[in-house]
Amino acid sequence: MEPREVESQYEGWLRGRSPVALYVRWYLRHRRPREAARIWEQIGKGIYPRVLDVGCAGGFYLRDAHERGHGGETLAGVDLSETLLEEARLRLAGISDDTHVVLERASATSLPFQGDVFDVVVSNGMVKYLDDDELGCFFAEARRVLVRGGHLCIAEFARPVGWGRIIDLDRIGIPTAHLRTGDQLANALARAGFIDVRSFDVDRIRRIPLTYEGAAGIRLHGAA
Ligand SMILES: C[S@@+](CC[C@H](N)C(=O)[O-])C[C@H]1O[C@@H](n2cnc3c(N)ncnc32)[C@H](O)[C@@H]1O
């Protein structure tokens with residue numbers, strides 16, 4: 001989807017009265033970052049001082065990263081929705097002055113950061129908005145901003161199952177054209193030059209019944 005289209009869809013949900021809008025608002029404003037434990041488990045046991053969340057929405061995953069001890073130096077997030085970024089600014093206000101908090105409106109395909117500045121890039125529920133070329137751009141950008149040995153971990157809906165096969169997900173605003181399995185994401189990461197790539201399962205979402213999968217990779221040292 002075009003960035004403007006994604007933005008206006010989220011702005012519509014943030015103001016709308018339809019059941020989907022109410023659900024999305026609850027998800028974005030009140031739902032705990034349920035996939036976070038699984039994501040950090042995939043990344044590894046270290047403490048990572050510089051963390052970027054791509055598609056950070058209201059900043060729940062950044063706040064969660066901070067509570068886990070990560071992002072002590074830099075906590076950064078990009079998203080297409082200014083309204084959600086404003087909520088993220090409020091959610092991250094009050095974090096220690098030693099932490100550089102950066103929240104910017106930007107697309108995953110063009111990250112507004114210098115190279116080699118993050119230890120970890122995470123992204124939850126965002127890559128379904130990217131076609132294969134855009135996914136390639138995102139991975140190239142993630143590689144560029146990650147330090148040598150840095151980690152990229154993404155999680156996203158995979159195949160619709162159960163009700164997900166019956167409901168017209170596109171009609172309610174969940175784009176299905178670029179839903180990929182964990183293995184597909186892992187293969188795309190490996191093609192983009194990441195090493196030690198593996199796919200993993202996140203618990204199946206029950207309210208939106210889609211299989212939720214992810215992929216984790218480590219940036220290739222010294223790759224062109
Ligand atoms: C389903 S929400 C997930 C938000 C958050 N990561 C979470 O798990 O709660 C997807 C988010 O990705 C953002 N997004 C979609 N396409 C994007 C892109 N190309 N670049 C940056 N953010 C994007 C949307 O604005 C939205 O906030």
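## A tour from pocket to ligand to loops

Select the residues lining the second largest pocket and colour them by class: 5 are nonpolar, 3 polar and 3 charged. In this scheme Ala, Val, Leu, Ile, Met, Phe, Trp, Tyr, Cys and Pro are nonpolar, Asp, Glu, Lys and Arg are charged, and the others, Gly among them, are polar. Before going on, please note that this is a predicted model, in which local features need pLDDT of at least 70 and side-chain atom pairs count only at pLDDT 80 or more, while totals for chains, interfaces and linings use all residues. Residues are numbered from 1 along each chain as its sequence is written, and side-chain values use heavy atoms, leaving out hydrogens and water.

**Stop 1: the second largest pocket**

To bring up the lining, select Asp132, Leu135, Gly136, Phe139, Ala177, His178, Arg180, Gln184, Ala188, Arg191 and Ala192. A pocket here is an open set of points on a 1 Å grid over the protein atoms alone, where a 1.4 Å probe fits, with protein on both sides within 12 Å along at least five of seven lines; lining residues have an atom within 4 Å of a point. The space in this pocket comes to about 180 Å³, a volume being what is filled by probe spheres set on the grid points, which are joined across faces, edges and corners.

Which helix gives the most to this lining? H6 does, with 4 residues. Helices (H or I, at least four residues) and strands (E, at least two) are DSSP runs numbered from the N terminus.

**Stop 2: the ligand**

- Gly55: a polar backbone atom is 2.8 Å from a ligand nitrogen.
- Ala108: a backbone N or O atom lies 2.9 Å from a ligand nitrogen.
- Ser107: an N or O atom of the side chain is 3.3 Å from a ligand nitrogen.

On its own, the ligand has 600 Å² of accessible area, and the protein covers 95% of that. Such areas come from the Shrake-Rupley method with a 1.4 Å probe.

**Stop 3: two loop residues with positive phi**

Most residues other than glycine have a negative phi. Select Ala57, in the loop between strand S1 (50-54) and helix H4 (60-67): its phi is positive, near 50 degrees. Is Ala57 buried or exposed? Ala57 counts as buried because its relative accessibility is 12%, the cut-offs being under 20% for buried, over 50% for exposed, and partly exposed in between (1.4 Å probe, protein chains only).

Then jump to Asp116, in the loop between strand S3 (100-105) and strand S4 (118-124). Phi of Asp116 is also positive, near 60 degrees, and the residue is partly exposed at 43%.

**Stop 4: around H4 and S2**

Back at H4, highlight Phe60, Tyr61, Leu62, Asp64 and Ala65, which are buried. Just after H4, Gly69 has a positive phi of about 95 degrees. Now find Val78 in strand S2 (residues 74-79); at 0% relative accessibility, Val78 is buried. How many residues apart along the chain are Val78 and Ala57? The answer is 21, with 7.9 Å between their C-alpha atoms.

**Stop 5**

Select Thr176, in the loop between strand S5 (146-160) and H7. Thr176 is partly exposed at 27%, and its C-alpha lies 8.8 Å from that of Arg159, 17 residues away in sequence.

Move on to Gly217 in strand S7 (residues 210-218), buried at 3%. After S7 comes the segment that holds Leu220, which is partly exposed at 29%.

Note on methods: Polar contact = N/O pair within 3.5 Å; in protein donor to acceptor, adjacent residues only side chain to side chain.
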